[in-house]
Amino acid sequence: MNTRAIHFRLIFWYSGMAVMVSLAFGAYTYRSVQMRLYAEMEQTLTRRATQIAGNVLAHVPVENRGKIASRIHAVYSPEAGSHFIRILRSDHSILYVSGIPKDDAFDPRQVPLPPDNDPRVRIEPLPNSSSMMILSLPVNETGRHYLIEMGALTDDLEVALHGLIMTLFFGLPMVALITSAGGYILVRRALKPVESIRATAEQIAFGNLSNRLPVACTGDALEHLSVTLNQMLERLEAAYEQASRFSADASHELRTPLTIMRSELEAMAREKNMPASLRERIGSVLEETERLSRIAENLFAISRLDTGEAKVQHIRVDLATLAQSTAEQMALLAEEKQISLHINTLIPVFVYGDSARLKQIVVNLLDNAIKYTPGHGMILLNVKAASHKAVLEVADNGIGIPADALPHVFNRFYRADKARTREMGGAGLGLSIVRSICQAHGGIVDIESREGEGTACRIELPLANGEEQKG
Ligand SMILES: Nc1ncnc2c1ncn2[C@@H]1O[C@H](COP(=O)(O)OP(=O)(O)O)[C@@H](O)[C@H]1O
Ligand SMILES: [Mg+2]
């Protein structure tokens with residue numbers, strides 16, 4: 001689990017807060033129920049004590065213990081209701097105490113006398129491990145001071161409170177669980193638009209710059225984010241288009257003058273009675289002009305593919321057959337360097353595309369492999385279908401590409417070893433063309449290489465109808 005993820009942190013804080021709030025609420029509930037129950041009991045006891053003072057003590061001749069007892073017994077029957085009643089004189093000697101209750105819940109004679117400070121209410125622990133709330137009411141009757149003590153067991157209250165504690169105790173994990181689950185759903189829902197922005201942005205990053213992010217009209221930060229990113233994309237697209245436009249226009253403008261120059265030079269070279277040295281120089285200029293033409297043509301092709309101006313045909317093509325025939329045409333170049341060329345294109349692999357441009361891919365890759373593999377080397381061409389993709393691989397055991405150059409080989413005009421490749425006639429556009437054609441076909445290209453060991457270039461294109469050829 002990724003604890004730094006925004007999902008986790010939000011759910012963590014959300015559930016944590018929910019648990020804290022529930023704990024605080026539980027404590028508050030418990031405390032207020034407890035206070036309320038005790039307050040009610042105290043009220044009842046006060047009422048009874050007041051009644052005893054008014055109904056019994058006021059009407060009974062002083063110190064007639066028998067009468068007091070019989071009257072209290074007649075009116076309240078403390079033994080039947082498990083009540084405790086005691087009347088004390090001012091010196092704490094007992095004038096009356098109720099009898100042992102019927103349910104034997106406590107022994108009234110064992111209830112301790114009140115402490116000297118005579119508290120109004122006290123909780124007295126009893127020997128049988130229950131407790132009693134005792135209310136003391138001082139009364140003044142015919143010049144004498146009495147203390148009426150009225151008591152009741154708190155056991156029932158404690159049982160109720162214990163039940164409440166249990167409910168809260170088992171309720172809390174439930175609250176935590178429910179809030180976590182709810183939090184998870186909420187967070188997922190809240191972050192869904194972010195995920196959709198990310199997914200679309202990714203598509204744009206690897207695909208078409210002219211796509212735009214979805215804008216949810218919610219007026220919140222997410223809408224602003226989408227709008228801002230879309231503005232950024234607009235500027236990026238404009239800048240990119242301008243750059244591509246420039247290369248396309250420049251290479252297009254160069255084509256015509258270069259063609260004229262070439263034909264002029266060719267005409268000059270055919271001129272009779274020309275000094276041999278001049279003819280040679282014209283030949284060399286012609287060669288450079290042809291090179292320049294090729295560069296302009298290639299640049300023009302890349303620019304048009306990248307701007308999407310070049311229409312790529314979508315015809316069912318067997319990549320295997322195409323690769324094989326192309327390789328056979330180029331086999332002579334390999335033979336000249338005594339490089340062995342192994343072609344592994346056993347089964348047909350169909351893709352939709354432009355066969356002339358797909359052929360260009362094979363030519364450029366084989367051209368590189370032959371160029372950058374010393375004599376007696378080996379080249380492997382492999383076409384297959386793998387995981388719903390058409391795969392074309394060209395591997396060699398040539399000079400390889402230095403690790404620091406590898407990330408740049410698809411850039412236009414990039415050559416790992418400038419001096420060397422110029423001799424070989426490369427302008428650094430071969431792999432750029434391969435990549436542009438691949439992208440125009442919805443595919444990808446990848447290159448792996450180790451300096452001094454060899455290079456492997458791999459193209460993946462969508463299979464025709466997504467079908468996978470068996471074999
Ligand atoms: N098979 C390979 N072996 C070694 N280096 C390679 C290979 N293919 C490409 N490269 C390197 O990548 C650079 C770019 O390749 P590319 O775009 O085809 O340009 P070039 O016109 O030089 O062939 C080359 O200059 C070369 O340094
Ligand atoms: Mg090349």
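Of the 23 residues around ligand 1, Y372, R415, A416, G426 and G430 come nearest. Here, near means that the C-beta atom, placed from the backbone, lies within 6 Å of the molecule. The model is predicted: local features need pLDDT of at least 70, side-chain atom pairs count only at pLDDT 80 or more, and totals for chains, interfaces and linings use all residues. Residues are numbered from 1 along each chain as its sequence is written, while chains are lettered from A and ligands numbered from 1 in the order in which they are written.

The shell around ligand 1 holds ten nonpolar, ten polar and three charged residues. Gly counts as polar in this scheme; Asp, Glu, Lys and Arg count as charged; Ala, Val, Leu, Ile, Met, Phe, Trp, Tyr, Cys and Pro count as nonpolar; the others are polar. Helix 7 (355-371) and helix 9 (430-440) each supply at least two residues of this shell. Helices are DSSP runs of H or I, at least four residues, numbered from the N terminus.

Now the domains. An automatic or database assignment sets the bounds: domain 1 is 6-160, domain 2 is 221-307 and domain 3 is 315-466. The C-alpha centres of domain 1 and domain 2 lie 104 Å apart.

The largest nonpolar core has 48 residues. Such a core joins buried Ala, Val, Leu, Ile, Met, Phe, Trp, Tyr and Cys residues through C-beta atoms within 7 Å; buried means 20 or more other C-beta atoms within 10 Å of the residue's own. Helix 7 gives this core its largest share, seven residues. Domain 2 and domain 3 both contribute residues, so the core lies between them.

Methods. A residue is buried if 20 or more other C-beta atoms lie within 10 Å of its own, exposed if 12 or fewer, and partly exposed in between; C-beta atoms are placed from the backbone.
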